[in-house]
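Visitor: Hello! Could you show me how to read the place where two chains meet?
Guide: Gladly, let us look together.

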Amino acid sequence: MKSEKELEEIFEKKLANNEFIEPKDWMPEKYRQHLIRQISQHAHSEVVGMLPEGNWITRAPSLRAKLVLLAKVQDEGGHGLYLYSAAETLGISREEMLEALHTGKAKYSSIFNYPTLTWADIGAIGWLVDGAAIMNQVMLQRTSYGPYSRAMIRICKEESFHQRQGYEIMMRLALGTPEQKQMAQDALNRWWYPTLMMFGPPDSESPHSADAIKWRIKRETNDQLRQKFVNQTVPQAEFIGLKVPDPNLKWNEEKKGYDFTPPDWNEFWRVIKGDGPCNKERLSARIKAHQEGQWVRDAAAAYAKKHSKEMIVS
Amino acid sequence: MNTNKDNQGTLWEVFLQKKSGQPFIHAGSIHAFDKEMALQNARDTYTRRGEATVVWVVPSHCIVSSTPEDIGSFFDPANDKIYRHPTFYNIPDAIKNM
């Protein structure tokens, strides 16, 4: 038997060598808890993220748009499942995770507490929100926990379509009638700052950042990712004639990036603590869906019990 | 044996074969209450873009695994047998097709 100190040394050495930590490997309890929190909240975000977009499935402007949106929302459900599975390898059950979401103990990305008022919002979500998510998830493909990394690789493969379909919606509107262009601009105006918030609080105020970097769960800080996102997105807005709603946005040749106005962090903390435009609506929709599925789970469990003899699974 | 504390069914591991002739590769896991549901859930979760032509599902508790702690002793029998590799043998450059 190895002592805790020896086990910790092996763990640290693996991290230093860019090796992955797998479910059966010894890991510090704090690392496990950090991952459970991060992965389950990531999963919740995928699932709650289906709600603002689901809002427009029945009102998509064409059959093509409707098929695309359905496929995208279905992907988000799948992404939630990959991530719940990854979190389960750390010893938490799916039921416990759902319980934490439904009682408000676990968070989800605060971006989904904003409403989708027009069709252009569906474009803005795909382009900006999925764009920001991809930036974060590309980094997480090399996260130190094996099952999380594998889920991220799978998700990144699928996510690229989400961003492209969103940009296509924005492009069509921006190049359409003046009213359509205005609709696209309005969506950009409303989603820009909430999207910048998605990367989390500034590094100076981020409670979990130091651990995440130390354990190679994250490889880039919130502020680094936010800067990268702005640099990448501004030219995409300019290309279709839309204006990023920031009077202080300016290219800075020295840092080879844009200077930009940070989001309102008071708003960020307010929305996280439950006081966003749609927090109550989102959570009650999730709880309702879960409760209404109860009879299905009960029926499946009763069926499994009745047939347990003939099944290898019991 | 259902080790889940919840009522979400048994945990299954999913393996996909992309094309015939290729190996089955682990894709991830799902929950299901029986074999048929396991196959359907695996299909819906892991093959939305032609990732597979055949799917295997296996109850997770049926998989037997070596443990990371045993890595040394478990694989030791193979570690010192470099003569199992072709590069162990010196063959003159003039010899072709070998």
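Visitor: How many residue pairs are in polar contact across the interface of chain B and chain A?
Guide: A polar contact is a pair of N or O atoms within 3.5 Å; within protein, one must be able to donate a hydrogen and the other to accept it, and residues adjacent in sequence count only if both atoms are side-chain atoms. Between chain B and chain A there are 8 such residue pairs, both residues at pLDDT 80 or more. This is a predicted model: local features need pLDDT of at least 70, side-chain atom pairs count only at pLDDT 80 or more, and totals for chains, interfaces and linings use all residues. Residues are numbered from 1 along each chain as its sequence is written, chains are lettered from A and ligands numbered from 1 in the order in which they are written, and side-chain values use heavy atoms, leaving out hydrogens and water.

Visitor: Which element gives the most to the side of chain B that touches chain A?
Guide: Helices (H or I, at least four residues) and strands (E, at least two) are DSSP runs, numbered from the N terminus. On that side of chain B, H1(B) gives the most, with 4 residues.

Visitor: How many salt bridges are there between chain B and chain A?
Guide: A salt bridge puts a side-chain nitrogen of Lys or Arg within 4 Å of a carboxyl oxygen of Asp or Glu. Chain B and chain A share 4 salt bridges. One of them joins Arg49(B) to Asp75(A), at 2.4 Å from N to O.

Visitor: What are the ipTM and pTM of the model?
Guide: The ipTM is 0.83 and the pTM is 0.90. For chain B, the mean pLDDT (the predictor's confidence in each residue, from 0 to 100) is 89.
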